[in-house]
Amino acid sequence: MDKMESKLEKTLNAVKHVNRVEPSEHLKARLHAIPEGLKEAYDRVPKKVVWTVAASIAVLVLFNAFSLDQYTDSSQNTANQTQEESHFSYLKQL
Amino acid sequence: MELDEEKFITLLNSDKDKAFHMLVNAYASRIFNTCVNLVRNKEDAEDVVQEVFTAVYLSIDSFDGNAKLSTWIYSIAINKSKEFLRKKTRKKRFGFMTTIGKDESHEMPIATIEFNHPGVLLENKERTEVLFRAMDQLAENQKVAYTMHKIEGKSYSEIAEILNTSVSSVESLMFRAKGKLKKLLSDYYEKNEK
């Protein structure tokens, strides 16, 4: 085994010297506090704000649905009208 | 500490918080080691572990026991670590790796994080740092597979489950990782010995 190969071997074997590490007590405490922290964050947003946002979204969706419905109706009427007009103009030619 | 999964799921249905604390006690150490081996910095690893357990708490209700609990948590940890590394990396080569930068496969972003692995003793630090810097040049999944197998002692089938892939894919990842590491290191030593 030449010098380079032994160097490579030693470096690749360096993983064997990586020891396990225990998390600190502080980290464990932080992890155990996650449920409380999330609940606090959830409670910090007033229920009134949540309901107002939900109602606004609902109104927006309804308004869009209504507009779409109106648009579909009007484009259908326009299409029918054009069809009738072209039909009668053909009769007129006769 | 091994966690009884059946007991855990029963507890999860009755008391989510208690089940979560049980999970923290069983997995905090293992997940911390996985994260620290991937991000190589104690403080960063602590932040990633916190993100992992927050994600676990938020989606714990959807855990139905189809997959192994450990596999599920490990995959969250791997994804969070990858996410963290992507944020912390940039496409700039370290001076000592420039000789191998011509190959397109070495265009991986390199971590700019400081090497501060708490599990590496001072006398081994230099050699380990060289190896870890070379590992940073590997493709993401090659790096994860190599770290989990070589440092954490996970079997190929365990890694396959965590990465949601086949054992043969893990074998191929490991084969390519070893080959590339050898090339990176020999190039590095050749350049530094001159």
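Is B:Ser166 buried or exposed, and why? B:Ser166 counts as exposed because 12 C-beta neighbours lie inside 10 Å. A residue is termed buried if 20 or more other C-beta atoms lie within 10 Å of its own, exposed if 12 or fewer, and partly exposed in between, with C-beta atoms placed from the backbone. B:Ser166 is located in the loop between H7 and H8 of chain B, and its C-alpha atom is separated by 27 Å from that of B:Ile9, 157 residues apart along the chain.

## Model and confidence

This is a predicted model, in which local features need pLDDT of at least 70, side-chain atom pairs count only at pLDDT 80 or more, and totals for chains, interfaces and linings use all residues. Residues are numbered from 1 along each chain as its sequence is written, while chains are lettered from A and ligands numbered from 1 in the order in which they are written. The scores of the model are ipTM 0.78 and pTM 0.73.

The predictor's confidence in each residue is its pLDDT, from 0 to 100. Chain A has an average pLDDT of 85, with 93% of the residues scoring at least 70; among its elements, helix H4 (residues 47-93) has the lowest mean (83) and H2(A) the highest (94). For chain B the mean is 84, and 86% of its residues reach 70 or more. Confidence in chain B is lowest in strand S2 (residues 110-111), at a mean of 48, and highest in H3(B), at 94. The pLDDT is below 50 over residues 101-111 of chain B, a stretch that has 19 contacts in the model beyond near neighbours in sequence. Where pLDDT is low, the predicted coordinates should not be read in detail.

## Chain A

Chain A contains four helices and zero strands, giving the pattern α-α-α-α along the sequence. Helices (H or I, at least four residues) and strands (E, at least two) are DSSP runs, numbered from the N terminus.

The radius of gyration of chain A is 36 Å, whereas a compact globule of 94 residues would have one near 12 Å. This radius is taken over C-alpha atoms, and the globule rule is 2.2 Å times the number of residues to the power 0.38. The C-alpha trace of chain A spans about 105 × 55 × 10 Å along its principal axes. Of the 94 residues in chain A, 7% are buried.

## Chain B and helix H6

Chain B has eight helices and two strands, arranged along the sequence as α-α-α-α-β-β-α-α-α-α. Of its 194 residues, 35% count as buried. Among contacts in chain B with a separation of 6 or more, 64% join residues 24 or more positions apart; a contact requires the C-beta atoms of two residues, placed from the backbone, to lie within 7 Å.

Helix H6(B) has 12 residues and reaches 16 Å from its first C-alpha to its last, close to the 16 Å expected at 1.5 Å a residue. The expected span is 1.5 Å times one less than the number of residues. Nine of the 12 residues of H6(B) are buried, including B:Val144, B:Tyr146 and B:Met148. The buried residues of H6(B) pack against H2, H4 (69-88), H5, H7 (156-163) and H8 of chain B. After H6(B) comes B:Gly153, with a positive phi near 70°.

## Interface and nonpolar core

In the interface, 32 residues of chain B are in contact with 23 residues of chain A. Helices H2 (16-39), H3 (42-59), H5 (122-135), H6 (140-151) and H8 (167-193) of chain B each supply at least two residues of the side that touches chain A. The largest share of that side, nine residues, comes from H2(B). By class, the side of chain B that touches chain A has 17 nonpolar, 10 polar and five charged residues. Here Ala, Val, Leu, Ile, Met, Phe, Trp, Tyr, Cys and Pro count as nonpolar, Asp, Glu, Lys and Arg as charged, and the others, Gly among them, as polar. B:Leu185, placed in helix H8 of chain B, counts as buried because it has 21 C-beta neighbours inside 10 Å. Leaving aside neighbours within four places in sequence, B:Leu185 is in contact with A:Leu8, A:Thr11 and B:Ala134.The largest nonpolar core has 49 residues, of which B:Ile31, B:Cys35 and B:Val49 touch the most other members. Such a core is a set of buried Ala, Val, Leu, Ile, Met, Phe, Trp, Tyr and Cys residues joined through C-beta atoms within 7 Å. H2(B) gives the most to this core, with 12 residues.
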